[in-house]
Amino acid sequence: MLPVSIIFGIIMKKIRIKDVTIISYILGGEAGVLSHLFLDSLMHKDLRIFWPFSDFTIANENTIKLVSSIWIIGYIMMIALLITNRLIRHGNLND
């Protein structure tokens, strides 16, 4: 992820007018990778977090149900926010 973050940061810095720091892309990319791995460890029973040092797994039926519920609620909230945003912008166009 580190090389991708650096390359993307350089490209975005050349494209955009605003000041963009490459560090922000590196930190954002690493945070995304780590959060993705953590959520995957809650969803997949076959994911061994500390392999080859340990066979420790986090996922079980409860964590899978919890993450699935959070995922569904998140999508419902995202759709509601998109609709609200669209209504607010459309309302401002008529004023």
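Start by selecting Ser41: at 3% relative accessibility, this residue counts as buried (buried is under 20% relative accessible area, exposed over 50%, partly exposed in between, with a 1.4 Å probe and protein chains only). Ser41 sits in helix 2. Now show what surrounds Ser41: leaving aside neighbours within four places in sequence, the contacts are Leu47, Ile49, Ile58 and Ala59 (contact means heavy atoms within 4.5 Å).

A quick word on what you're looking at. This is a predicted model, where local features need pLDDT of at least 70 and side-chain atom pairs count only at pLDDT 80 or more, while totals for chains, interfaces and linings use all residues. Residues are numbered from 1 along each chain as its sequence is written, and side-chain values use heavy atoms, with hydrogens and water left out.

Zoom out and switch to cartoon. You'll find 3 helices and 0 strands, running α-α-α from the N terminus (helices are DSSP runs of H or I with at least four residues, strands are E runs of at least two, and both are numbered from the N terminus). Colour by accessibility next: of the 95 residues, 13% count as buried. As for contacts between residues at least 6 apart in sequence, 19% of them join residues at least 24 apart.

Next, select residues 2-15, which are helix 1, along with helix 2: the two pack at an angle of about 140°, with their axes 8 Å apart (axes are lines fitted to C-alpha atoms over the stretch in contact, and angles run from 0 to 180 degrees between N-to-C directions). That makes helix 1 oblique to helix 2 (under 35 degrees is roughly parallel, over 145 roughly antiparallel, 65 to 115 roughly perpendicular, and the rest oblique). Show side chains at the contact: helix 1 brings Leu2, Ser5, Ile6, Phe8, Gly9, Ile10 and Met12, and helix 2 brings Ile22, Tyr25, Ile26, Gly29 and Glu30.

Last stop: which residue forms a salt bridge with Glu61? Select Lys45, whose closest N and O atoms to Glu61 are 2.4 Å apart (a salt bridge is a side-chain nitrogen of Lys or Arg within 4 Å of a carboxyl oxygen of Asp or Glu). Lys45 lies in the loop between helix 2 (22-43) and helix 3 (61-94) and Glu61 in helix 3, so the pair ties together parts that are 16 residues apart in sequence. Lys45 is partly exposed at 41% relative accessibility, and Glu61 is partly exposed at 44%. A search of the whole structure finds 1 salt bridge.
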